[in-house]
Each structure stands twice: as C-alpha cells, then as structure tokens.
Amino acid sequence: PFPPPKKALGLVPTFNNWAQVTFLHMYILFARFRCFPAPHPQTWHQHLLDHFSFSAEERMVLLHNIQARSSRNKYIRDLFERWRGVIIGYDEGLAKGDAVLAAAVWRNVFQAREDVDWRGVGEIVSYMRGVLKGLEGMSDQEIVGGQGVKFGSPGSQRSGVLVRSTMMDSLEKEEKAGSLAGKI
C-alpha cells in the first residue's frame, strides 16, 4: 500500500521524516486555504489534519506494527503538537524571510542536525516559495478541485540555489574595503 522508501536530501526514510515532509506539504496547502473566505479555511484545515491522522495511524499499524490504540493515540497527539510548531515556524519564516524559513526547515525536516547539507535546506525553502507562488495564482475552485495542484521535487530548485548571490559579492567587497581602510 505504500511506495518503497527512498533516501532524498540525506533523509533516511523513517516515520518521523515521513511526518515532517508531509507536514511541509500540508503547510503549503494550509497557507493557501487561509485565503479562502470564512469559514472555509478552518474546515479544510480540519479535513487535511484528519487525513494526515488516518494515514499516520495506518502507517503505524502496517509499517511499524503498533497495534495498541492507546500507543497510536499518544503518537497522534505528539504529531499534532509538532504540527502546531510547524505552523508557527513556517509562518514566521514566510513573514521574516528566507533565513528564518531555512532555520524552521532545518529544525523540522532535518531535526537541527549539525551535519546538514545546507544546499538541501535552500532547495526546500526555494521549493516552498515556488509552490506557494503557484498556488497563489490559482482560483479557490481550482484548489478545491485539485486541478493543477502539483508539488514536484525540491531537487528541481538546485540550480537556482547554487547560483552565487550578488549580495554576497558586495558584502565581501565591503569587508575587504573595510579591512584595507583599517591598515592605512
């Protein structure tokens, strides 16, 4: 019932990584649902969360042999708390800029690992911004009907992430000029 796991962006296919990648995509949809007229955003958010919970519980049973309902319920509650944290972190990142969004992606998707490949974090940030921009250009009816809602792959952002920033060049020039001025 589930596709075979594969390693991407240095992420081992674990239940936690599956949940965090799913949360990232849920957040993208959730952000777009907020643009719906009231009271629809709350209804769509609840449906999205319900589907996630059902899928997570199914994975717990089929892939991890967690048969006790009380154990599954404990994990679902924990996931719900993490989801709330994801919303706060990604909202702050969208509001404050790519560096803050990258920090939220690093904390959530990469569990704040020190050995992370930052290009992968950049790919995800660029991917999130691109998908959000694409969804922004769609009507509510297209979103509800699922017409043209596509996610793609963060790896498709690699070429843009690897381009050297002109701002970095100007900062390096300023730094060199400042250090030379101090020597004169």
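V131 is found in helix α5, where helices are DSSP runs of H or I with at least four residues, numbered from the N terminus. This is a predicted model, in which local features need pLDDT of at least 70 and side-chain atom pairs count only at pLDDT 80 or more, while totals for chains, interfaces and linings use all residues. Residues are numbered from 1 along each chain as its sequence is written, and side-chain values use heavy atoms, with hydrogens and water left out.

Let's stay with V131 for a moment. At 10% relative accessibility, V131 counts as buried (buried means under 20% relative accessible area, with a 1.4 Å probe and protein chains only). Setting aside neighbours within four places in sequence, V131 is in contact with I28, K150 and F151; contact means heavy atoms within 4.5 Å. V131 and V149 lie 18 residues apart along the chain, and their C-alpha atoms are separated by 8.9 Å.

Now for two helix pairs. Axes here are lines fitted to C-alpha atoms over the stretch in contact, and angles run from 0 to 180 degrees between N-to-C directions.

| Pair | Angle | Axis separation |
|---|---|---|
| α2 (residues 40-62) and α3 (residues 69-96) | about 135 degrees | 10 Å apart |
| α4 and α5 | roughly 115 degrees | within 9 Å |

The angle between α2 and α3 makes α2 oblique to α3, whereas α4 and α5 are roughly perpendicular to each other. For these words, 65 to 115 degrees counts as roughly perpendicular, under 35 as roughly parallel, over 145 as roughly antiparallel, and the rest as oblique.

Who touches whom? On the α2 side, H45, L49, F52, S53, A56, E57, M60 and V61 meet R69, R72, Y75, I76, L79, F80, W83 and I87 in α3. By class, this contact of α2 with α3 has eleven nonpolar, two polar and three charged residues. In the other pair, D98, L101, A102, V105 and W106 of α4 meet W118, V121, I124, V125, M128 and R129 of α5. The contact of α4 with α5 divides into nine nonpolar, no polar and two charged residues. Here Ala, Val, Leu, Ile, Met, Phe, Trp, Tyr, Cys and Pro count as nonpolar, Asp, Glu, Lys and Arg as charged, and the others, Gly among them, as polar.

Finally, α3 itself. Its buried residues are R72, I76, L79, W83, V86, I87, G89, Y90 and G93, and they pack against α1 (15-33), α2, α4 (98-108) and α5 (118-136). After α3 comes G97, with a positive phi near 125 degrees.

Technical notes:
Helices (H or I, at least four residues) and strands (E, at least two) are DSSP runs, numbered from the N terminus. Buried means under 20% relative accessible area, exposed over 50%, partly exposed in between (1.4 Å probe, protein chains only).
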